[in-house]
Amino acid sequence: MGSIEIDDFDTPPAPPRHLYKYLSADRIGNVLEGGTVRFTALLNTNDSFEVRSTFKKLAGPRFLKMLAEQMDVTVGEANIDAMIAEQLKEAGLGWFPKEIALQMIEAQHGGEFLSMVRAQMQTAVDTLMLPYLNDPKNAETLLEKLGRELLCFSLSERFDSAPMWAHYAANHAGFVVAFDTEHEWFKRRKNGQKTCIQKVTYFDGIVEEPLENVSAALISKTTDWAYEKEWRLYVKKDQVDATFGDANDPVHVLNFPESAVERVIVGSKATAETVSRIKSVLSRKYPHARLTRADPNRNTHSYDEVEF
């Protein structure tokens with residue numbers, strides 16, 4: 001399989017202005033004081049079914065129609081290989097192994113050659129590409145590759161989710177960092193490489209092929225997780241600032257700028273020590289950031305965000 005790029009998927013919707021990271025108190029050191037967050041490979045998230053089969057075949061009718069249209073447009077151009085690769089990428093299929101389809105083709109001009117190219121490409125589609133792509137073993141290989149190569153930083157649309165406070169913020173004893181998604185950090189790395197922040201699709205079914213719904217087919221979670229209202233910032237391994245730990249479960253981290261933090265929200269059960277430590281680091285590193293507390297309101301079944 002070819003290299004998977006983070007921008008190979010559908011153009012995502014714009015995220016909310018603020019997204020929230022739930023954390024336990026022991027993360028004050030590496031997140032607030034250290035200014036780093038962890039990016040996790042999809043295969044290593046806490047969802048056992050994160051990487052799973054959600055499509056019947058890789059190359060179905062939509063794929064074949066798209067390929068035929070692009071072949072008609074690009075055959076006859078000087079750089080057939082590059083142009084088809086670009087079209088596949090724009091269609092959300094940059095990972096597609098173009099070498100299989102184009103292994104017998106060279107970018108040349110001429111009427112007879114173009115006819116030969118079309119014939120050879122059709123032969124490649126029928127005898128090489130489709131059997132290869134629709135082999136279940138190769139589909140599994142693609143999913144494994146996706147799960148290893150894509151790293152994600154998970155955030156939530158809400159700071160006021162009781163299950164999230166319970167599961168990810170030590171049963172209300174931790175804290176939540178509110179990040180400003182309009183900050184450049186959410187758009188590009190320091191070296192100019194593009195990142196992608198994408199809303200998670202919650203999906204239990206099976207689509208005919210990835211082009212039917214790229215997000216559902218390749219980067220979705222089951223509806224059991226819908227309460228998280230998750231968004232993810234995706235990067236590749238060569239975009240992280242540091243990697244350490246066990247080779248079988250490495251920790252990848254990125255440094256984030258202080259200006260990307262809008263406020264910090266402590267849980268209702270946070271200890272005085274936790275609050276004091278957060279106050280201290282905010283005054284030193286994030287003087288612009290507000291500090292609030294999420295107090296459960298048992299009358300409204302929601303949280304009142306109280307300023308310190």
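Visitor: How many cavities of 30 Å³ or more does the count come to?
Guide: The count comes to 2 cavities of 30 Å³ or more. On a 1 Å grid over the protein atoms alone, a cavity is a set of points where a 1.4 Å probe fits but cannot get out. Volume here is the space filled by probe spheres set on the points, which are joined across faces, edges and corners. One caution: this is a predicted model, where local features need pLDDT of at least 70 and side-chain atom pairs count only at pLDDT 80 or more, while totals for chains, interfaces and linings use all residues. Residues are numbered from 1 along each chain as its sequence is written, and side-chain values use heavy atoms, with hydrogens and water left out.

Visitor: What lines the largest cavity?
Guide: That cavity holds about 40 Å³ of space. Its lining, meaning residues with an atom within 4 Å of a point, includes Leu42, Val51, Arg52, Leu143, Leu146 and Ile219. By class there are 7 nonpolar, 2 polar and 2 charged residues. Ala, Val, Leu, Ile, Met, Phe, Trp, Tyr, Cys and Pro count as nonpolar, Asp, Glu, Lys and Arg as charged, and the others, Gly among them, as polar.

Visitor: Tell me about H6. How far does it reach?
Guide: H6 covers residues 136–149, 14 residues in all, and reaches 20 Å from its first C-alpha to its last, close to the 20 Å expected. That expected span is 1.5 Å times one less than the number of residues.

Visitor: And what caps its N-terminal end?
Guide: Asp135 does, with a side-chain oxygen 2.9 Å from the backbone nitrogen of Lys137.

Visitor: Which residues of H6 are buried?
Guide: Asn138, Ala139, Leu142, Leu143, Lys145, Leu146 and Gly147. Buried means under 20% relative accessible area, with a 1.4 Å probe and protein chains only.

Visitor: Switching to pockets: how much space is in the largest one?
Guide: About 670 Å³. A pocket is an open set of points with protein on both sides within 12 Å along at least five of seven lines. Its lining has 29 residues, and Lys21, Arg27, Thr40, Ser154 and Tyr168 lie nearest its centre.

Visitor: Which element gives the most to that lining?
Guide: Strand S3 does, with 5 residues.

Visitor: Now the rings. How many aromatic pairs turn up?
Guide: A search of the whole structure finds 10. Rings of Phe, Tyr and Trp (its six-membered ring) pair if their centres lie within 6.5 Å; planes under 30 degrees apart count as stacked, over 60 as edge-to-face and the rest as tilted. Phe39 and Phe153 are a tilted pair, because their centres are 5.5 Å apart and their planes at 35°. Phe39 lies in strand S2 and Phe153 in strand S3, so the pair ties together parts 114 residues apart in sequence. Both residues are buried.

Visitor: What is the geometry of Trp185 and Phe186?
Guide: They are edge-to-face, 5.0 Å centre to centre with 90° between the planes. Trp185 is buried at 7% relative accessible area, and Phe186 is buried at 2%.

Visitor: Which residues do ring pairs link into a cluster?
Guide: Phe39, Phe153, Phe179, Trp185, Phe186 and Phe256.

Key. Helices (H or I, at least four residues) and strands (E, at least two) are DSSP runs, numbered from the N terminus. Buried means under 20% relative accessible area, exposed over 50%, partly exposed in between (1.4 Å probe, protein chains only). A polar contact is a pair of N or O atoms within 3.5 Å; within protein, one must be able to donate a hydrogen and the other to accept it, and residues adjacent in sequence count only if both atoms are side-chain atoms.
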